[in-house]
Amino acid sequence: MRQIIEQLPSYLADQIAAGEVVERPASVVKELLENALDSGATQIEVLVEEGGEKSITIQDNGLGIPQAELLLAVSRHATSKIKTGADLASVATLGFRGEALASISSVSRFEIVSRHESEAAGWKLSAEGEGRWGEPQPTAGKIGTRVTVSDLFFNTPARKKFLRTAKTEFSQIDQLVKRVMLSRPEVGFKLVHNHKVVRQVFAVTDEASLQKRLSQLMGASFVQQSLAIAFETQDIKLSGWVGLPTFNRSQTDMQYIFVNGRIVRDRLLSYAVKQAYADVMYHGRHPAYLIFIEMPHDLVDVNVHPAKYEVRFANGRWVYDFLRRSVREAVAKPVVSETGTGAP
Ligand code: ADP
Ligand code: MG
């Protein structure tokens with residue numbers, strides 16, 4: 001028998017929408033890290049307990065959120081990052097959908113504490129999955145934002161069932177945090193799991209700190225057996241490091257490409273690099289690389305998928321060809337004395 005049509009309560013609509021972005025603890029960490037980076041933070045701490053299933057806390061020293069906007073920050077379709085369709089066509093921040101905090105808070109016990117740079121105190125807001133936020137409460141705190149997500153999926157058992165062991169969930173978080181650390185050399189990060197520091201990197205200030213950070217994240221042998229690249233053409237800038245053909249691997253686990261500082265998974269981009277190595281690498285072996293692609297924001301569509309791992313280029317062919325030709329030029333005639341040092 002048919003039932004009457006009713007509008008869903010907004011927390012339930014949020015829980016349903018959360019399915020698109022909040023798949024597991026690592027997706028929470030990704031969204032919260034993006035927010036911290038978008039806020040201009042230079043120091044970010046990620047504290048995780050039991051693979052993120054028990055709790056995830058992200059603390060940043062960014063601009064913070066004014067008290068008057070705190071409730072909006074956790075509401076769906078509310079964002080400070082875009083205002084118009086034209087802005088959407090040229091997104092310069094990592095976030096823009098205005099959905100992450102609403103989604104995450106609908107499937108967890110959630111607390112946000114923020115102090116905007118213009119305010120004398122911090123303000124705290126919390127809820128337990130049903131969107132009953134109450135009034136922000138004043139609290140002590142430094143400028144910046146701290147979000148704590150506890151008991152993820154406590155109210156959505158169907159989702160919770162799909163969580164793996166804490167070890168597996170943490171390894172996903174660790175891989176993600178490592179990628180983010182690679183993507184933003186100018187930001188210091190600390191990752192703590194069950195009260196133990198797992199990774200810590202300091203903001204890059206000079207060539208020596210850059211080399212140190214690269215070696216921490218990619219390994220000393222990559223640093224020794226890679227070349228710094230820097231290529232530029234109309235509308236595209238490439239930089240980073242490409243492994244020498246001698247530094248090949250059985251897996252594709254050391255391949256990182258960032259587009260305008262964003263972590264992307266683009267098969268065509270990886271394929272372009274693979275082709276660049278085709279003549280110098282044995283079949284079945286894989287290169288290692290860390291490549292930054294910078295281009296005007298209006299030539300990259302980031303609004304392809306809710307998780308924002310996919311992008312579309314206005315001039316895809318041009319990007320792939322330039323990437324393939326540049327990397328090929330670098331690895332085809334490697335100068336052995338150049339050992340990955342030099343400007344990115
Ligand atoms: P989006 O990032 O797409 O705008 P979110 O739901 O992730 O959507 O965040 C909503 C808004 O809350 C952001 O636009 C931003 O203004 C504010 N915000 C969230 N996290 C932070 C943070 N760590 N520091 C400062 N502002 C934040
Ligand atoms: Mg966001």
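What share of the 344 residues in the protein is made up of buried residues? Buried residues make up 36% of them in this predicted model.

**Figure 1. The whole protein.** The secondary structure comes to 11 helices and 15 strands. The C-alpha trace spans about 65 × 50 × 40 Å along its principal axes. A compact globule of 344 residues would have a radius of gyration near 20 Å, and the 21 Å of the protein agrees with that. Of the contacts between residues at least 6 apart in sequence, 68% join residues at least 24 apart.

**Figure 2. The eight-stranded sheet.** Eight strands form an open sheet with mixed pairing, in the order S5-S4-S3-S6-S2-S1-S7-S8. Strand S5 (137–139) and strand S8 (196–201) stand at the edges; each has a single partner strand, so one side of each is left without a neighbour in the sheet. From one strand to the next, the twist averages 15°. Strands of a sheet pair through backbone hydrogen bonds, in either a parallel or an antiparallel way.

Figure 3. Strand S1 (residues 43–49) and strand S2 (residues 55–60) run antiparallel and are joined by six bridges. Across this pair, glutamate 45 stands opposite glutamine 59 in S2. S1 and S2 form a hairpin with five residues between them. In the turn, glutamate 50 has a positive phi of about 50°. S2 is also joined to strand S6 (residues 144–150) by six bridges, and these two strands run antiparallel. Here isoleucine 56 has valine 149 in S6 as its bridge partner.

**Figure 4. Strands S3 and S4.** Strand S3 (residues 109–115) pairs with strand S4 (residues 122–127) in the antiparallel sense, over five bridges. Glutamate 111 stands opposite serine 126 in S4. In a regular strand, side chains alternate between the two faces of the sheet.

Figure 5. Strand S11 (residues 255–259) and strand S13 (residues 289–294) run parallel and are joined by five bridges. Tyrosine 256 stands opposite leucine 290 in S13.

**Figure 6. Lysine 178 in helix H7.** Lysine 178 has its place in helix H7 (residues 166–183). Is this residue buried, partly exposed or exposed? Lysine 178 counts as partly exposed because it has 19 C-beta neighbours inside 10 Å, and a residue needs 20 or more to be buried. Apart from neighbours within four places in sequence, lysine 178 is in contact with Arg199 and Leu217. Arginine 199 is 21 residues from lysine 178 along the chain, and their C-alpha atoms are separated by 8.3 Å.

**Figure 7. The surroundings of ligand 1.** How many residues surround ligand 1? There are 22, and the closest are Asn35, Ser39, Thr79, Gly95 and Ala100. Helix H2 (25–38) and helix H5 (100–106) each supply at least two residues of this shell. By type, the residues of the shell divide into eight nonpolar, nine polar and five charged.

How values were computed: Residues are numbered from 1 along each chain as its sequence is written. Chains are lettered from A and ligands numbered from 1 in the order in which they are written. This is a predicted model: local features need pLDDT of at least 70, side-chain atom pairs count only at pLDDT 80 or more; totals for chains, interfaces and linings use all residues. Helices (H or I, at least four residues) and strands (E, at least two) are DSSP runs, numbered from the N terminus. A residue is buried if 20 or more other C-beta atoms lie within 10 Å of its own, exposed if 12 or fewer, and partly exposed in between; C-beta atoms are placed from the backbone. Two residues are in contact if their C-beta atoms, placed from the backbone, lie within 7 Å. A residue is near a molecule or strand if its C-beta atom, placed from the backbone, lies within 6 Å of it. Ala, Val, Leu, Ile, Met, Phe, Trp, Tyr, Cys and Pro count as nonpolar, Asp, Glu, Lys and Arg as charged, and the others, Gly among them, as polar. Two strands pair if DSSP finds at least two bridges between them. The radius of gyration is taken over C-alpha atoms; the globule rule is 2.2 Å times the number of residues to the power 0.38. Axes are lines fitted to C-alpha atoms, for helices over the stretch in contact, and angles run from 0 to 180 degrees between N-to-C directions.
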